[in-house]
Amino acid sequence: MKGLYCKPSGDQGDVKFVLQETNAPTNIGSHQVKVQVKICALSPVDFKLYEDLRLESEHVPVGREITGVVLQVGPKVTFFQPDDEVVGILPLDAEQSGLCSVVLIDEYNLVQKPEKVSWFEAAAVIKDGLRAYTALHTLARMAAGQTVLVLDGAGPFGVLAIQLAHYHGVKVLATALSPDDQKFLEELRPSVGVQESLLARVIRVWDSKENLVDSCLEETGGLGVDIIIDSGVRDYEEEAETQIHRPHKHDLLTLLSVGGHWVTTEQHLQLDPPDSHILFLKAASLSFLNDEVWTTSRAKQGRYLHILKDVMDKLSTGTFRPQLEQPVPLYEATVSMEMVQRKQTRKRIVVKL
């Protein structure tokens, strides 16, 4: 069987992905489940994280968000049985690619796929849904009546964060990186047939005439937003030309409210003493969003499975309605993954059916 693999490189934007033959798993562990993969989602690979966790290997398996059918279970598996339809995320130390026909995975990394949910939707949502829950519930402690700013709201993660926040009674502001993103965000609705918009305001960061800080302060009566979920930040003004749609860290500190929470995806964010002093004066907090901690540490395994199940439940009830692109066949997986890694496209779904 074939799987998608990549040789780690220092330059994450210029790596090569290859489809190569690999042996089908034979020996199954006590708590493992053998799954026939139906759909696999492709998201960017963080090679620096593999290096930090000392998980480097000659070829890194690619494609970790999977849906499929259980073929066989280990002798101590209690959650699943053969023919169950499941969805899950392969751990970072998985030896097989999610694009393999059959994979072995611990039962603790899987949940049941609801009957109403398609294979396609389940694979597309599972990881971004986990990220949205981690950002808004675990880190930001979201509560009804608050205001949240979601940067790059039209991205796969941003859309689910918007929908989750709105579901819990939070006022949502979001940025659009292009006119197409703006149109998409302005048309977002809680459910089919409902006229009310999910968003209180769409901020056009692609338009130089619209200022992010001014727009947020105007919308909140000068008080600032309670929660910021970013999609990357500029540390220095010199980066403006290459990262034109990323806000400067000082802008986000300015529009953060008293007691607010800033959840960042920028793992190398640098805060100088004056920046920390602003956070101190506002009694505000900064958290780093790394959803991989759920599988690298078993400290909160029960909560992790609860989140995955709740993501599927919300997808089944229509609370989560992701922006889905056309799926691609297996033979296009290499090119598709290169586009995802270079951020030329946000996400790709590969069909194994």
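**View 1. Thr 175 lies in strand E10, shown here in a predicted model.** Helices (H or I, at least four residues) and strands (E, at least two) are DSSP runs, numbered from the N terminus. Thr 175 is buried, with a relative accessible area of 2%, where buried means under 20%, exposed over 50% and partly exposed in between (1.4 Å probe, protein chains only). The side chain of Thr 175 reaches the backbone nitrogen of Asp 152 at 2.7 Å. Leaving aside neighbours within four places in sequence, Thr 175 is in contact (heavy atoms within 4.5 Å) with residues including Leu 149, Val 150, Asp 152, Leu 185, Ile 203 and Leu 212.

**View 2. The open sheet has six strands in the order E11-E10-E9-E12-E13-E14, with parallel pairing.** Two strands pair if DSSP finds at least two bridges between them. Strand E11 (201-204) and strand E14 (285-288) are the edge strands, each pairing on one side only. Neighbouring strands of this sheet are turned by 20° against each other on average, direction ignored, with axes taken as lines fitted to C-alpha atoms, for helices over the stretch in contact, and angles running from 0 to 180 degrees between N-to-C directions.

**View 3. Strand E10 (residues 171-176) and E11 pair in the parallel sense over four bridges.** Ala 176 stands opposite Arg 204 in E11. Helix H5 (residues 212-219) lies across strand E9 (147-150), E10, E11 and strand E12 (225-229), and runs at about 165° to E11.

**View 4. Gln 163 is found in helix H3 (residues 156-167).** Gln 163 is buried, with a relative accessible area of 3%. A polar atom of the Gln 163 side chain lies 2.9 Å from the backbone oxygen of Arg 321. Not counting residues up to four places away in sequence, Gln 163 touches Leu 188, Leu 198, Thr 319, Phe 320 and Arg 321.

**View 5. The count of disulfides (pairs of cysteine sulfur atoms within 2.5 Å) comes to zero.** Cys 6 is in no disulfide, and the nearest cysteine sulfur, that of Cys 40, is 14 Å away. Cys 100 is likewise in no disulfide, the nearest cysteine sulfur, again that of Cys 40, being 9.3 Å away. Cys 6 is buried at a relative accessible area of 0%, and Cys 100 counts as buried at 0% relative accessibility.

**Notes on the views.** Local features need pLDDT of at least 70 and side-chain atom pairs count only at pLDDT 80 or more, whereas totals for chains, interfaces and linings use all residues. Residues are numbered from 1 along each chain as its sequence is written, and side-chain values use heavy atoms, with hydrogens and water left out.

Technical notes. A polar contact is a pair of N or O atoms within 3.5 Å; within protein, one must be able to donate a hydrogen and the other to accept it, and residues adjacent in sequence count only if both atoms are side-chain atoms.
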